[in-house]
Amino acid sequence: MKNKFFYLLLFLTVSFAAFSQEKVTLSGTIANESNNETLIGATVLVLEADVSVTTNSYGFYSITLPKGDYTIIISNSGFNDVEESISLTENTKLNFAMSENSTELEEVVVTSNTSKTNISKPEMSVSKLSIATIKKMPAVMGEVDVLKSILQLPGVATAQEGASGFNVRGGSVDGNLVLLDEAIIYNTSHLFGFFSVFNSDVIKDMKLYKGGIPSGFGGRVSSVLDIYQKEGNNKEYHISGGIGAVSSRLLAEGPIVKEKSSFIVAGRGSYAHLFMKAADEPNTAYFYDLNAKLNYKINDKNSLFLSGYFGNDNITLNDAAVNYYGNMFFNVRWNHIFSDKLFSNASAIYSDYNYRLKIKFVGIDWESDIKNYNFKYDLKHSISNDFVLSYGLNSIYYQFNPGTISPIDASSSINLYQIAKKYAFENALYISAEQKLSDKISMTYGLRYSNFQRLGKEEVNTYANNEAVVFNQDFQVYEEGTPTGTIRYGRNKKIADFNNLEPRFSIAYSLNEDQSIKASYNRMSQYIHLISNTASVSPLDIWAPSDKYLKPEILDQVAVGYFQNFKAGKYSLELETFYKKIQNKADYIDGAELIANKAIERVLLNGEARAYGLEILVKKNTGKLTGWLSYTLSRAEQRTPGRNADEPGINEGEWYRANYDKLHNLSVNLAYQLSKKWTFAGIFTFQSGKAATFPDGKYQYQGITIASYGTRNENSLSAYHRLDLSAVYVPKPDKKKRWQGEWVFSIYNVYNRSNAASYTFGQNQESGLSEAKRMSIFGIIPSVTYNFKF
């Protein structure tokens with residue numbers, strides 16, 4: 001009995017000592033040794049405790065441990081591991097520097113869910129491509145591209161060749177929240193989508209959320225593309241760039257105050273239009289953009305960042321029309337570390353997107369824009385190694401200019417007119433928790449509250465029965481309603497008000513160290529809308545806020561996935577299936593006119609949308625031959641039923657394929673390093689044809705043959721497929737100092753496939769027979785670029 005009592009007392013004493021063992025916090029930043037750029041997503045592993053954390057968007061980490069001796073291992077894709085033994089007796093700040101792994105040139109690592117840490121992390125439907133990976137992909141026009149890289153991932157596509165933007169899991173282009181240094185980018189494309197607005201030379205990190213989106217993001221219903229720019233080398237000065245046949249670029253970076261402040265400036269421009277003019281080609285197109293960033297480390301707890309972007313496109317079509325558009329933003333951010341466990345970031349951002357169209361034969365000069373003033377305050381609180389809280393607020397003030405219409409010259413019959421400007425205020429509060437429940441189960445859950453207020457000053461039309469679109473019973477068509485009056489709202493007076501709660505949840509169950517099952521649910525709200533009924537090379541970009549007629553879109557999405565690594569991460573497999581449904585999806589009545597429309601609500605009806613599918617991603621992560629195969633089987637549909645029993649709705653109220661629906665989407669991306677000097681890469685893409693509506697008959701009217709059409713989007717363009725190849729030659733691969741150069745040879749659309757962008761139907765003037773003509777945009781395009789750095 002005494003022995004039992006002794007053992008019980010000993011057990012309780014040891015248990016109490018272990019439980020009451022004092023804990024301390026290890027925190028700091030992880031940076032690139034060569035330039036002091038902080039590293040996002042680097043892993044900090046404590047070997048003895050078998051716990052790990054990752055750095056946040058500013059390279060900061062925090063981990064809590066009992067006092068003792070530990071082995072710390074720091075790892076990150078493209079860098080040599082850092083291993084260090086430490087003795088923790090008190091709260092300690094320890095910064096690590098990592099050296100780039102030159103042998104990594106033989107590997108292309110896609111860092112989305114390839115490590116054991118990510119297998120157990122409750123994060124799914126997320127893709128992170130390293131810049132090293134992107135730069136191994138075929139370089140179109142001699143330049144690698146961020147957007148081209150994400151189009152090779154499952155669930156991501158573009159409506160057609162030459163379309164602006166991208167579509168994620170059957171969502172529209174405006175459903176993507178695209179952020180560059182936290183600033184909203186409204187148009188992601190240059191030159192018919194051939195280039196993106198993102199200069200890969202200045203990109204530090206990129207992450208695409210297709211589902212399971214954290215509650216810190218909101219305002220869109222399809223995806224979040226979160227991109228951060230480099231901060232600049234604060235140790236030494238460097239200049240790099242590239243000279244190509246179509247465009248060139250130049251980057252300069254260096255310290256302002258060594259190891260305390262730095263800058264980076266990068267510019268790009270295209271000049272193919274100069275050759276086109278010399279050849280008397282009436283069509284011209286060019287772009288230019290500028291990225292800049294400054295940072296200053298005030299002290300160990302405070303850092304200041306200033307970043308900006310300015311870009312513009314100019315497209316002239318046969319002297320008949322001129323199109324200008326461009327993004328710009330300016331951002332001031334302040335990082336503050338309250339304690340070893342609490343990190344904060346405050347951002348003040350100004351963004352502007354301008355769109356201008358001159359139609360010379362009409363004599364109209366039409367300009368629209370959207371401006372926003374954005375304030376964000378985010379905090380991340382590491383309560384423990386197993387429980388991390390993120391919370392914050394976001395306020396955005398919008399100014400919409402739907403159109404300023406003016407005459408091109410004195411001979412034009414167009415009168416100067418300003419469509420009423422619109423104003424809105426969007427606010428949000430959020431909280432999110434990431435919690436590890438056991439060795440096998442971890443989860444993320446959170447809630448976002450969003451509020452949107454449509455504000456004056458404006459005169460708002462009123463309509464009979466509150467319906468801006470009416471149904472003509474005689475002709476069985478929808479028509480624009482006639483206003484019955486107007487209501488005048490003074491400046492900042494509330495026109496409409498919307499409130500939504502947006503829960504987010506994801507969970508991961510680890511079957512073992514190399515296998516896991518994950519599930520997620522998220523609800524999101526979108527209050528601003530891109531009014532555009534085309535995916536053409538010069539789309540009509542009119543952004544409009546939600547109001548009493550144009551309702552906010554509300555998304556509910558669920559996803560389930562299986563993830564596995566093979567042979568110590570050499571190969572990996574990701575399988576995901578998803579279902580999403582959107583309320584209040586805007587649809588256009590037949591024959592809707594968008595240019596210079598003074599009351600856009602008279603051509604819009606609120607419907608619903610849905611998308612569902614299966615995504616497969618198979619990757620080879622190491623070795624001389626690397627890459628992946630992605631396949632998506634999905635369907636994207638839309639429906640706008642009648643508002644009452646007397647109305648049929650659009651397309652008879654039945655589901656129809658969305659414009660960007662692609663049943664099959666296959667991409668094979670491979671890179672092979674033959675030697676230190678030569679690297680080859682190729683991408684093969686196959687997609688089902690874009691949805692379209694073809695004539696199903698014809699009739700005669702006053703001697704003219706007129707086509708009749710069937711149900712909306714019941715047909716398809718021909719299948720899209722293309723092969724791109726590139727080769728990179730590095731003359732002196734071992735040279736690390738002074739001048740370093742490489743040649744990039746690429747061929748876009750190797751076998752010159754004429755992929756259909758659209759079909760036109762008409763009557764042959766000679767034979768009198770009906771005919772269809774296919775329009776294609778790009779054929780085979782070879783290019784060569786010389787990249788340099790010194």
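Start with strand S41 (625-639). Select it in this predicted model. S41 gives 3 residues to the lining of the second largest cavity, the largest share.

**Stop 1: the second largest cavity**

Now look for the centre. Select Gly155, Ala157, Gly170, Ser634 and Lys662, the lining residues that lie nearest to the centre of the second largest cavity. The whole lining has 15 residues. How much space do they surround? The second largest cavity has a volume of about 140 Å³.

**Stop 2: the largest cavity**

Clear the selection and move on. Pick Lys148, Leu151, Thr158, Gly193 and Arg722. Of the 23 residues that line the largest cavity, these lie nearest its centre. Which elements give two or more residues to this lining? Select helix H4 (146-150), then strand S15 (195-196), strand S44 (678-687) and strand S49 (720-729). Those are the contributing elements.

The space in the largest cavity comes to about 350 Å³. Colour by class again. The lining of the largest cavity splits into 10 nonpolar, 10 polar and 3 charged residues.

**Stop 3: the whole structure**

Zoom out. How many cavities of 30 Å³ or more does a search of the whole structure find? The count is 12.

Notes: Residues are numbered from 1 along each chain as its sequence is written. This is a predicted model: local features need pLDDT of at least 70, side-chain atom pairs count only at pLDDT 80 or more; totals for chains, interfaces and linings use all residues. Side-chain values use heavy atoms; hydrogens and water are left out. On a 1 Å grid over the protein atoms alone, a cavity is a set of points where a 1.4 Å probe fits but cannot get out, and a pocket is an open set with protein on both sides within 12 Å along at least five of seven lines; lining residues have an atom within 4 Å of a point. Grid points are joined across faces, edges and corners, and a volume is the space filled by probe spheres set on the points. Helices (H or I, at least four residues) and strands (E, at least two) are DSSP runs, numbered from the N terminus. Ala, Val, Leu, Ile, Met, Phe, Trp, Tyr, Cys and Pro count as nonpolar, Asp, Glu, Lys and Arg as charged, and the others, Gly among them, as polar.
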